[in-house]
Amino acid sequence: PKDVSMFDSQHSAQINPPHRLLMGPGPINADPRVLRAMASQLVGQYDPVMTGYMNEVMALYREVFRTQNRWTMLVDGTSRAGIEAILVSAIRPGDKVLVPVFGRFGHLLCEIARRCRAEVHTIEVPWGDVFTPDQIEDAIKRVKPRLLLTVQGDTSTTMLQPLENLGEICRRHGVLFYTDATASLGGNALETDAWGLDAVSAGLQKCLGGPSGSSPITLSPQMEEAIRARKCVEQGIRTDTHQDGDDEMIYSNYFDLGMVMDYWGPERLNHHTEATSMLFAARECARIMLEEGMDALIARHELHGRAMLAGIQGMGLEVFGDIHHKMNNVLGVMIPSVVHGEEVRKRLLDDFHIEIGTSFGPLQGKIWRIGTMGYNARKDCVLQTLTALEAVLNRLGLRTVQGAGMQAAWDVYEGVA
């Protein structure tokens, strides 16, 4: 077609993106150590060095997820790949699933579950709220689902769903318990084993300080059993020792976690070629996190999130949602009626090279989302963002007390607030 443009390779420069300070809900600036790890030369997928790195990744992420689960590994793809791999591998056509929806990403779980041909049941609260354990248990008693699918931290609303009491509820009712921890892992407490989670998935691009493109997951023995019951090894790599499971096969090849487990396990089933550079990134993300210590990492996110909250409130801006249940690492800010939200974001990006986020659905155009996570959960990033936001707001006609926001954040850092 005549309107299809062609790439002019003779006159195109190398990729050289401008410097940005990414203070939205993710992705954020990757830790330079992660980028250096990604620049390492490739090795063969069955080279002993490579399989050694794979084993190290499994051990590292057991500590990150706080679990003893053997099957703690990576799914190649963005965080959504990890979500979809778990759901398509665990949900049989016709299975009942229960999804508590408190933001956009609860709706995403419903969307994926429907495509797995599940019978999807939902409960909902207004965006900005979370569920009580009693609300979820009442729904479990009514629906009798096989799986409970939850989001721990929903960046669309900035809320953090408490999970610590849900595992015990699920055990009493014979329900498998999954959570999407993409936005929350590393910045908020997550105790896979202590909370009775059967499956968790995450991504690198938020509190883990890396790029999008690899999804760490962990599976309990109960979840492994459910997936193994659907075993079906593909022709071409199948041998006489491979026996099909008793349940209906998994209706995805790439996301078949039975075969993925055998690729990561001692069999080294030739299911796919591991995304080597992303494995290097994921390994370095986990190494950096554990070097700092998970408790210290979560405390750092809490500190900088609290400073950003104080700064925004000190500026006279209104915060969205129930702040007692907000994530440490993302803050929702109501857009003042006297300014245009997108104009503020454009000025921040053009004049200060700082990016903050907008939101989706019923909150589109109503809130900004400001992140303090991963490599950007630092005092200088918080103070720069507050200073720039205050300057832009004043330039566009919203008068604030000059410096009040930054002083409020400083008070947090100096232990006054």
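In the predicted model, Lys379, Val382, Leu383, Leu386, Thr387 and Glu390 of α12 meet Ala404, Gly405, Met406, Ala409, Trp410 and Tyr413 of α13. Contact here means heavy atoms within 4.5 Å. These contact residues comprise 8 nonpolar, 2 polar and 2 charged. Ala, Val, Leu, Ile, Met, Phe, Trp, Tyr, Cys and Pro count as nonpolar, Asp, Glu, Lys and Arg as charged, and the others, Gly among them, as polar. Helices are DSSP runs (H or I, at least four residues), numbered from the N terminus.

The axes of α12 (residues 379–395) and α13 (residues 404–413) come within 8 Å and cross at roughly 160°. Axes are lines fitted to C-alpha atoms over the stretch in contact, with angles from 0 to 180 degrees between N-to-C directions. The two helices, α12 and α13, are therefore roughly antiparallel (angles over 145 degrees).

Residues are numbered from 1 along each chain as its sequence is written. Local features need pLDDT of at least 70, side-chain atom pairs count only at pLDDT 80 or more, totals for chains, interfaces and linings use all residues, and side-chain values use heavy atoms, without hydrogens and water.

The largest pocket is lined by 25 residues; Arg104, Phe105, Thr155, Gln205 and Lys206 lie nearest its centre. Helices α3 (79–90) and α4 (104–115) each give two or more residues to this lining. On a 1 Å grid over the protein atoms alone, a pocket is an open set of points with protein on both sides within 12 Å along at least five of seven lines; lining residues have an atom within 4 Å of a point. By class, the pocket lining has 9 nonpolar, 9 polar and 7 charged residues.

Note on methods:
On a 1 Å grid over the protein atoms alone, a cavity is a set of points where a 1.4 Å probe fits but cannot get out, and a pocket is an open set with protein on both sides within 12 Å along at least five of seven lines; lining residues have an atom within 4 Å of a point. Angles under 35 degrees count as roughly parallel, over 145 as roughly antiparallel, 65 to 115 as roughly perpendicular and the rest as oblique.
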